[in-house]
Amino acid sequence: MSGLDPVGNSAKAYITVRDLTMAYGSFVIMRDMAFTINQGDVFIIMGGSGSGKSTLLRHLIGLNQPARGEIFYGNQDFTRADAIQREQILRGTGVLFQSGALWSPMTLAENIGLLLEEYTDLSPAEIREVAALKLALVGLKGFEDYYPSQISGGMQKRAGLARAMALDPGILFFDEPSSGLDPISARLLDELILDLRDSLGTTVVVVTHDLASIFTIGTNSIFLDADRKTISAQGPPKELLAHTQDPQLRSFLTRGGMEHS
Amino acid sequence: MNQVSFERVDNDILLIRFAGRWQLSGGAASSGAIEREMQAFPSLARVAFDARDLGDWDSSILTVLARVSDLCRQRHVALDPDGLPAGIHRLLDLAEAVPERVGARKAVRKAPVLERIGTGAIGVADSVTAMLDFLGHMTVTFVRLFGMKARYRASDLWLLIQQCGAQALPIVTLVTFLVGVILAFVGAVQLKQFGAQIYVANLVGIAMTREMGAMMTAILMAGRTGAAFAAQLGTMKVTQEIDALTTAGFSPMEFLVLPRVIALVLMMPLLCLYADFMGIAGGAAIGVGTLHLSWTTYVQQTADAVTLTDTAGGVFKSSVYGVLVALAGCLRGLQSGNSSAAVGDAATSAVVTGIVAIIVACGIFSVVFYVLGI
């Protein structure tokens with residue numbers, strides 16, 4: 001039940017991206033991207049607004065097709081996988097979309113239950129129990145029968161996380177998790193992400209430009225440079241800050257602070 | 001009121017004096033006078049300001065100053081902002097802090113005719129391809145449905161059946177009853193001349209069952225339900241709910257489109273029968289009320305005129321119209337862009353596509369039924 005087990009030859013690589021080029025039609029967004037997301041990483045995809053962070057995430061979860069290059073989950077080629085393999089890979093992933101993206105005609109419990117109904121043999125009563133537990137994990141105990149429109153934006157986001165965790169996926173993707181959250185909720189979400197990683201061993205991929213999050217939770221990262229249209233740096237965010245010579249990245253990691261000093 | 005005056009100092013400095021209130025609400029301030037003054041001063045080397053008599057100000061004066069600053073740059077004239085209030089000075093610096101990005105300004109270019117025709121043709125080809133792609137997916141989905149492999153929520157289907165069925169009754173009642181009334185009046189005026197009022201029953205009965213019942217219901221459903229489908233799916237696209245379905249391994253075709261098509265296909269024949277009945281009732285009301293026929297005569301005449309083939313043909317057509325309306329709504333919804341305006345366009349386009357498809361299908365049916373002698 002914990003997603004797929006990446007038994008690749010490379011040491012515990014969960015996702016390997018090779019030579020990836022992303023484009024909308026003939027308009028290239030990023031090219032020649034190569035990086036590895038290891039099991040247990042909290043992997044940060046960072047970059048300025050409009051640099052293609054969210055587009056990269058959409059490629060990783062199969063919503064967009066690469067113009068060139070490959071994405072491997074373990075040793076399975078995700079880009080060339082057939083429908084059954086794709087579904088199997090996707091069943092091991094959970095995604096928290098920017099706005100939560102809860103299915104609006106369903107209650108929170110039904111949102112979570114839909115996945116359990118489809119992919120497990122649990123009885124309706126058991127499904128409800130699991131759904132209640134997932135909601136409790138994100139601090140929404142007792143909100144099972146609320147519709148998404150009846151709760152606040154921050155709560156929708158947490159409910160979206162509960163749904164992403166429904167099947168105990170091996171890897172969780174977060175698209176700008178702290179956007180629209182107040183600083184305290186954002187910090188609590190960061191703590192929740194670390195808790196999940198530590199207790200369930202979930203690999204986490206976060207698209208963000210929130211510096212506080214990047215330094216608190218990131219164990220590895222890539223920086224997308226919109227001008228050069230490729231990855232200009234990768235490594236643990238704190239090390240990048242200490243050692244990078246790249247003025248773009250330095251400026252990003254210090255909120256432009258180094259430019260003025 | 002805003003006032004501006006000029007003074008030439010030392011033969012190469014232009015001193016611009018601002019006075020009075022410079023506010024957007026006080027009327028437009030034009031930089032024309034300053035521009036003319038600068039042009040009439042060939043030995044100009046420096047522009048300075050005097051704002052001691054300047055009253056309240058807002059963006060109105062800033063717009064003029066930004067223009068002056070542009071002019072100075074073009075003519076390589078020095079600009080001395082010291083005479084301006086500190087606030088204006090800071091805002092001007094702010095406006096000029098980031099230089100205009102090369103290529104940021106949109107080029108206004110009128111494409112040549114051939115290019116526009118070409119772009120249009122490519123657009124049509126693309127949309128036909130997208131439609132065929134959608135129909136192909138839909139066919140595959142139906143094959144999966146009959147193989148019991150399609151996944152959708154039964155509760156969604158029941159809700160949709162309620163929305164496309166029972167909830168549509170009031171509007172269908174109103175419109176089709178009135179269509180019956182209108183047909184009866186049109187017929188009555190002509191048939192009265194021959195003393196053949198009784199044939200109003202034939203006219204209304206056959207028109208409603210063969211054509212109007214199915215078509216009026218279909219057009220109502222295109223406006224009511226097709227638009228709703230497009231708006232629902234379009235909004236789900238904007239809120240990333242469709243992405244969430246896809247990444248959870250559900251096909252939007254099975255999960256969203258299929259139940260909508262099934263609901264309309266099941267409900268349209270029922271609505272059509274009901275519409276036939278209401279239309280005939282409308283005709284009867286006129287026949288009895290103004291043509292002085294008796295209820296029994298009218299009903300008997302209708303029963304003699306209308307055949308089972310007429311009714312069955314109309315009902316069959318209505319379920320085809322149901323498929324067209326549902327597909328048009330879902331296609332436009334799934335094609336919607338990611339903004340509120342795009343969702344509105346999708347709903348409009350769903351209604352237009354739906355009605356065009358209904359009329360085209362109606363034409364085809366007429367020819368086929370004529371050839372088959374139905």
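**Entry 1: dimensions of chain A.** I looked up the radius of gyration of chain A in this predicted model. The value for chain A is 18 Å, and a compact globule of 261 residues would have a radius near 18 Å, so the two agree. I then took the extent along the principal axes: the C-alpha atoms of chain A fill a box of roughly 55 × 45 × 35 Å.

**Entry 2: fold content of chain A.** I went through the secondary structure and found 10 helices and 10 strands in chain A. For burial, I noted that 42% of the 261 residues of chain A count as buried. I also examined the contacts in chain A with a separation of 6 or more; 65% of these come from residues 24 or more positions apart.

**Entry 3: domains of chain B.** I checked how chain B is divided and recorded domain 1 as 3-97 and domain 2 as 130-372. Over C-alpha atoms, the centres of these two domains of chain B are separated by 67 Å.

**Entry 4: contacts between the chains.** I turned to where chain A touches chain B: 14 residues of chain A are in contact with 10 residues of chain B. I asked which elements of chain A each supply at least two residues to this side. They are α2 (83-91) and α3 (108-119). The most is given by α2(A), with three residues.

Key. Residues numbered from 1 in each chain as written. Chains lettered and ligands numbered in written order. Predicted model: local features only at pLDDT ≥ 70, side-chain atom pairs only at ≥ 80, totals over all residues. Helix = DSSP H or I, 4+ residues; strand = E, 2+ residues; numbered from the N terminus. Rg over C-alpha atoms; globule rule 2.2 N^0.38 Å. Buried ≥ 20, exposed ≤ 12 C-beta atoms within 10 Å, placed from the backbone. Contact = placed C-beta atoms within 7 Å. Domains from an automatic or database assignment.
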